[in-house]
Amino acid sequence: MGLAMEQARLASKHGDVPIGAVILDAAGSVVAAAGNERELRGDPTAHAEIVAIREAARRLGRWRLTDHTLVVTLEPCTMCAGALVLARVDRLVFGAYDPKAGAVASLFDVVRDPRLNHRVDVRGGILEAECGAVLREFFASR
């Protein structure tokens, strides 16, 4: 989560909402790390999770990220939760809950919906206060 928080802080330096994501392989090695890049790229889909998933798939040469874990500072939205299912990510670890847009626990539970062909193991609230503080500081400065 520390590396994801570093990525979040880097994202804020170019005006993006400070959310960071890291993808780890089964041994715990970092495969990809990214922060939000929506403002940087002018791309509404450039959430930290999506950027990290794309980079991991590129590095691995495959789209299936089975045996991988995505660590992110904020509960994923519906787009990112759907991408986790489609990429077959095995585990999700997230920091702060997102009561306005969270699609893993707060509003929906996309990643564990039994109607889908893949389900993700989830652990939320990891360093929740610290992850939330980075977001609150960013928005307080706006």
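Is R58 exposed or buried, and at what relative accessibility? R58 counts as exposed, at 56% relative accessibility; exposed means over 50% relative accessible area, buried under 20%, and partly exposed in between, with a 1.4 Å probe and protein chains only. The model is predicted: local features need pLDDT of at least 70, side-chain atom pairs count only at pLDDT 80 or more, and totals for chains, interfaces and linings use all residues. Residues are numbered from 1 along each chain as its sequence is written, and side-chain values use heavy atoms, without hydrogens and water.

**View 1. Helix 3 and its surroundings.** Helix 3 spans residues 48-60, 13 residues in all. Helices (H or I, at least four residues) and strands (E, at least two) are DSSP runs, numbered from the N terminus. From first C-alpha to last, helix 3 reaches 18 Å, close to the 18 Å expected at 1.5 Å a residue; the expected span is 1.5 Å times one less than the number of residues. Its buried residues are A48, E49, I50, V51, A52, I53, A56 and A57. Their cover includes strand 1 (20-24), strand 2 (30-35), helix 2 (38-41), strand 3 (69-74) and helix 4 (78-86). Just after helix 3, G61 takes a positive phi of about 75°.

View 2. Side chains of opposite charge can pair when their charged atoms come close. A salt bridge here is a side-chain nitrogen of Lys or Arg within 4 Å of a carboxyl oxygen of Asp or Glu. The count comes to 5 salt bridges. E55 pairs with R58, with the closest N and O atoms 2.6 Å apart. E55 also meets R59, at 2.7 Å from N to O. E55 and R58 lie 3 residues apart in helix 3, so about one helical turn separates them. E55 and R59 lie 4 residues apart in helix 3, so again the separation is about one helical turn. R59 is exposed, with a relative accessible area of 51%. Together, E55, R58 and R59 are linked in a network of salt bridges.

**View 3. The D113 and R115 pair.** These two side chains meet in a salt bridge, 2.5 Å from N to O. D113 is buried, with a relative accessible area of 15%. R115 counts as exposed, at 73% relative accessibility.

**View 4. The largest nonpolar core.** A nonpolar core is a set of buried Ala, Val, Leu, Ile, Met, Phe, Trp, Tyr and Cys residues joined through side-chain atoms within 4.5 Å. The largest one has 44 residues. I23, I53, L70, L84, L92 and V111 have the most contacts inside it. Helix 3 gives the most to this core, with 6 residues. Contact means heavy atoms within 4.5 Å. Not counting residues up to four places away in sequence, I53 touches I23, L65, L70, A83, L84 and A87.

**View 5. L40 on helix 2.** L40 is found in helix 2. L40 counts as exposed, at 52% relative accessibility. Leaving aside neighbours within four places in sequence, L40 is in contact with H14 and D16. L40 and E6 are 34 residues apart in sequence and 17 Å apart in space, C-alpha to C-alpha.
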